[in-house]
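Dear colleague,

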There are 2 protein chains.
Amino acid sequence: MTQNIYDSPAFFSAYSALPRSVHGLDGAPEWPTLQAMLPDLAGARVLDLGCGFGWFCRWAAGQGASSVLGIDVSERMLERASTETDAVAITYERADLEGFVPEPAGFDLAYSSLAFHYLVDLGDLLARVAVALPIGGRLVCSVEHPLMTAPVLQGWSRDGAGRAAWSVNGYLDEGPRTTDWLAKGVVKQHRTIATYLDLLSRNGFALQRLVEWGPSPEQVLAHPEWARERERPAFLLMAAQRV
Amino acid sequence: MTQNIYDSPAFFSAYSALPRSVHGLDGAPEWPTLQAMLPDLAGARVLDLGCGFGWFCRWAAGQGASSVLGIDVSERMLERASTETDAVAITYERADLEGFVPEPAGFDLAYSSLAFHYLVDLGDLLARVAVALPIGGRLVCSVEHPLMTAPVLQGWSRDGAGRAAWSVNGYLDEGPRTTDWLAKGVVKQHRTIATYLDLLSRNGFALQRLVEWGPSPEQVLAHPEWARERERPAFLLMAAQRV
């Protein structure tokens, strides 16, 4: 079973204070790029895998989705998500993505933001999601970029000229990584980009677009403290179609 | 025009001494993986973009290719390539890949080993190559991995625990990088993986497989001096189909 760090009080408290938890989609700098990879949601049946506080679910309902099912393993997050909407199109369900079986052909879009890198067996989930989508159905997701998950010990160093450089090692050795992000002992699964693409194609998806996301030069102008984030991408965004 | 470093005497001399120049395909540790991405060559019309000393051209002819056209900008390399074969199926032609126009629908496979990262306008070449292939025709190529081309100053450092780490910066800023590989002032073009995939799909190719290549654990056992090469991939291998 995947670690459910989100229900640990210390992590939940720290996570709740992040800009993306306070400001929702507008607090997630990669959101405009991810949004542009989405299909038209009017009348669509939407599945959100790892919905957290439900920001995307509420946004999808606002775009005219006919139904939105938000799945999360965190009881605390779903409690808050439920209090923040009365949209009849939205349903929340507590489930572990490692075992959750969505209704066959029950959805038009499967969406997931920054959840897949927690899963030990992502291929198994993708196979279940593929069954839940018709041919032509869409999958749009973000994960931590493999350059973020690879290092055994995350951190910056300096190159020979003194410029900030991200220290990369362990890239080709996939598997669990334990970091102290917001709380001690958070376990994420490192996979290469090649493996993400293989998992998609082996489970019935054709990649439509891949983005290695870092802040744009314009975003850095507005937030000079993000400059170092252009040295290496933080997120990997993928859009795929069920084939 | 792309820099033709291969005809500079110092570079040519150093390049000629590399294991892959002395031992050919068997001296290129990524070759078994790249080979496995190739279609059956019996009766195929093969185009080798950046053929160098012609090792792949001779191998392709040996696999029963009906014709093999090797293109390279280096006069010195083609001179040596020509002396090393009398196979009637093989033709060598000196041309700059930035302008070379292959015969429309004239080939079944376009192959390129470690040449595309020198090209300023790779999209333009891919468009010309797409025209040279029938629907279903194949493109198999290798480039330096973006983790190799990104850093402004290539090199290793140590992470916080003293383990070797590859210093990555400049990843999101594409464009020329000048390195001192074998000779001073070698210019390569840095592109992200996302950009390679975009260039393929925009120019009529569907990706079939992508490999981020580093030596396998078995290869490291046989060559312990390669251990560090598993910290980050050195090459990006791609197989695509004309659609």
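**Strand pairing between the chains**

Strand 7 of chain A and strand 7 of chain B (residues 164-168) pair in the antiparallel sense over 3 bridges, where strands are DSSP runs of E of at least two residues, helices are runs of H or I of at least four, both numbered from the N terminus, and two strands pair if DSSP finds at least two bridges between them. Within this pairing, A:Trp166 has B:Val168 in strand 7 of chain B as its bridge partner.

This is a predicted model, in which local features need pLDDT of at least 70 and side-chain atom pairs count only at pLDDT 80 or more, while totals for chains, interfaces and linings use all residues. Residues are numbered from 1 along each chain as its sequence is written, and chains are lettered from A and ligands numbered from 1 in the order in which they are written.

The contact as a whole takes 33 residues from chain A and 33 residues from chain B, two residues being in contact if their C-beta atoms, placed from the backbone, lie within 7 Å. On the side of chain A that touches chain B, strand 7 (164-168), helix 8 (193-202) and strand 10 (205-213) each supply at least two residues, and the largest share, 5 residues, comes from strand 7 of chain A.

As for chain A itself, its secondary structure comes to 9 helices and 11 strands, and its C-alpha atoms fill a box of roughly 55 × 40 × 35 Å along the principal axes. Among contacts in chain A between residues at least 6 apart in sequence, 63% join residues at least 24 apart.

Best regards
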